[in-house]
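Welcome, and thanks for taking a look at this one. Here is a short briefing to read alongside the structure.

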Amino acid sequence: YNINGSGLSSNYGNYLFVQATGNPTALSITTATIPLTITATQITKCYGLTYSFLGTEFTLTGLLNNDAVSSVSLSSLGAISTANSVGSPYPIIPTNAAGTGLNNYTIVYNDASMIVKDAPAGLSISSNTPQCSGGTINLFSNVSVGTNLLTYQWTGPNSFTSATENSSLSNVLSNASGSYSVSISNDCGNVSATTNVTINNN
């Protein structure tokens with residue numbers, strides 16, 4: 001008797017039943033694969049450090065039942081200590097997923113980015129000193145290297161503080177003379193410097 005394979009459904013998504021070509025009395029049975037997407041996780045690191053992948057920096061879409069992905073091979077040129085911020089971001093490439101039940105899937109791998117940040121460096125600070133009493137002191141800071149977000153912290157005489165890159169003090173008196181320091185930092189490090197300010201009595 002002929003076997004009609006039309007209308008047959010897969011067995012829990014694991015098999016496909018198709019009428020065998022040129023044989024009306026047989027069905028061909030093939031394993032059905034399910035799409036599984038593995039996406040690497042974005043990573044931020046500091047210049048000068050080496051990032052060692054754990055194999056767990058990924059997310060999954062499409063995994064079914066008790067199937068599992070235990071690890072993924074991950075690589076990036078940004079992981080080495082000499083990878084600098086000029087070439088950032090660097091692709092993170094996932095491959096070779098390991099786990100259970102993965103033969104049931106067609107795996108699609110998506111890259112992510114490794115962002116390399118610089119610690120602040122090359123700090124220069126200055127001011128418009130000297131000034132006369134009643135005048136305005138302007139404090140300036142600049143770093144030649146450093147990736148945002150940068151945090152600024154100025155300190156000085158009379159409990160002066162400021163959290164801006166450049167700062168001003170108006171209507172200053174002679175007791176505002178002295179040393180003003182700024183510390184600039186981000187997640188990768190900090191740098192600091194001091195400048196002297198002179199306020200002359202009129």
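Strands here are DSSP runs of E with at least two residues, numbered from the N terminus. Please keep in mind that this is a predicted model. With that in place, the protein chain comes out with 18 strands and zero helices.

**The chain as a whole**
- Of the 202 residues in the protein chain, 30% are buried.
- Among contacts with a separation of 6 or more, 56% are between residues 24 or more positions apart.

- You will find S167 in strand β15, which spans residues 167-169.
- S167 counts as buried because its relative accessibility is 9%, and the cut-off for buried is under 20%.
- Leaving aside residues up to four places away in sequence, S167 touches I137, N138, L139, W154, F160 and S162.
- With S162, the side chain of S167 also makes a polar contact of 3.1 Å.

**The salt bridge**
- Side chains of opposite charge can pair when their charged atoms come close.
- The count of salt bridges comes to one, and it joins the side chains of D187 and K117 at 3.5 Å, N to O.
- This pair links distant parts of the chain, 70 residues apart: D187 is in the loop between β16 (178-186) and β17 (189-197), while K117 belongs to strand β9 (residues 112-117).
- D187 counts as exposed because its relative accessibility is 69%, whereas K117 is buried, with a relative accessible area of 11%.

Conventions: Residues are numbered from 1 along each chain as its sequence is written. This is a predicted model: local features need pLDDT of at least 70, side-chain atom pairs count only at pLDDT 80 or more; totals for chains, interfaces and linings use all residues. Side-chain values use heavy atoms; hydrogens and water are left out. Helices (H or I, at least four residues) and strands (E, at least two) are DSSP runs, numbered from the N terminus. Buried means under 20% relative accessible area, exposed over 50%, partly exposed in between (1.4 Å probe, protein chains only). A polar contact is a pair of N or O atoms within 3.5 Å; within protein, one must be able to donate a hydrogen and the other to accept it, and residues adjacent in sequence count only if both atoms are side-chain atoms. Contact means heavy atoms within 4.5 Å. A salt bridge is a side-chain nitrogen of Lys or Arg within 4 Å of a carboxyl oxygen of Asp or Glu.
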